[in-house]
Amino acid sequence: MTTILKTHDLSIAFGGVIAVDQVNIEAHDNELIGLIGPNGAGKTTLFNLLTGVYQPTSGTVAMFDGQRLSEMNGLPPHRRAQQGMARTFQNIRLFTSRTVLENVLIAMTISSPAQTVGALFRTPKFYQQETDKKQRALALLAMFDMANVANELACNLPYGQQRRLEIVRALATKPKILFLDEPAAGMNPQETQALTELIQQVQTQFKMTIILIEHDMNLVMAISQRVYVLEYGKVLASGTPSEIQQHPAVIKAYLGEEI
Ligand SMILES: Nc1ncnc2c1ncn2[C@@H]1O[C@H](COP(=O)(O)OP(=O)(O)OP(=O)(O)O)[C@@H](O)[C@H]1O
């Protein structure tokens, strides 16, 4: 098991609220991790700290590439994206007036900009790269059953497909680690089931690490290899789904809710 991401005593305070409080977590290569916790527990804030949207009040985030450790503190989101982080958001953030294909191509271009000279003078290499990008984008869309809507405007897609497009767009950046913030939010049971299978397929096919915030316990418990539970900004428990489901403190935190 190779560690790919690790935090040390990661904390952030907003005024008097300590939203993330000395969190120590780690993610391994090709691991699917569930991040759960009651509303306001600090899950999205933790994602924002990991991906560079927020800088911590104290503590560190590090990524590992083999033996090489890269400190992430101080790096803005786009620099972390270049290091291999990609994410989706709780609220869909697509380029709604662009087509589905353009949304994916833009993500690819942002993550690996074309050589300026090639782009300026439209060299044969530039055209080849553009063709390759388009083929890769279409292949990703096909995997998500969306090749047939490649030329639709993103705003015209049904909600479930918009959510899936967000994942395709994140994958287009070839991340090492993918953060999914409530990917099943607002989906119906059939869409959720299809998404569950897709997330597993992504993990197997791309051999990447996925960290998933999700309120749908069936989804989390079905696909996570390990689960972290946050409560009041702290890690309350971590373990396999079955360990978490039997954990007394977790049961207490979720009293009245089915885990
Ligand atoms: N930018 C901010 N300014 C002030 N307080 C914030 C900010 N972001 C988050 N918080 C507070 O931090 C705490 C954790 O919020 P966060 O959104 O991370 O929780 P969550 O576990 O993702 O919740 P949910 O499951 O409802 O999405 C909350 O008390 C929230 O009000």
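This briefing describes the ligand surroundings and the domain arrangement of the structure above. The model is predicted, so local features need pLDDT of at least 70 and side-chain atom pairs count only at pLDDT 80 or more, while totals for chains, interfaces and linings use all residues. Residues are numbered from 1 along each chain as its sequence is written, and side-chain values use heavy atoms, with hydrogens and water left out.

**Ligand shell**

- The shell around the ligand holds 14 residues, of which Gly-40, Lys-43, Thr-44, Thr-45 and His-215 come nearest (near: a heavy atom within 4 Å).
- Helix 1, residues 43–51, supplies three residues, the largest share of this shell (helices: DSSP runs of H or I, at least four residues, numbered from the N terminus).

- A side-chain N or O atom of Thr-45 is 2.5 Å from an oxygen atom of the ligand.
- A polar backbone atom of Thr-44 lies 2.9 Å from an oxygen atom of the ligand.
- A nitrogen atom of the ligand is 3.2 Å from a polar side-chain atom of Tyr-54.
- Of the 640 Å² of accessible area that the ligand has on its own, the protein covers 62% (Shrake-Rupley method, 1.4 Å probe).

**Domains**

- The domain assignment gives domain 1 (1–84 + 175–259) and domain 2 (93–163), with 27 Å between their centres, taken over C-alpha atoms.
- Domain 1 brings 12 residues to the contact and domain 2 brings six residues (contact: heavy atoms within 4.5 Å).
- About 750 Å² is buried between domain 1 and domain 2, and carbon and sulfur atoms give 69% of this area (accessible area lost on being put together, 1.4 Å probe, summed over both parts).

Technical notes
Polar contact = N/O pair within 3.5 Å; in protein donor to acceptor, adjacent residues only side chain to side chain. Helix = DSSP H or I, 4+ residues; strand = E, 2+ residues; numbered from the N terminus. Domains from an automatic or database assignment. Buried area = accessible area lost by both parts, 1.4 Å probe.
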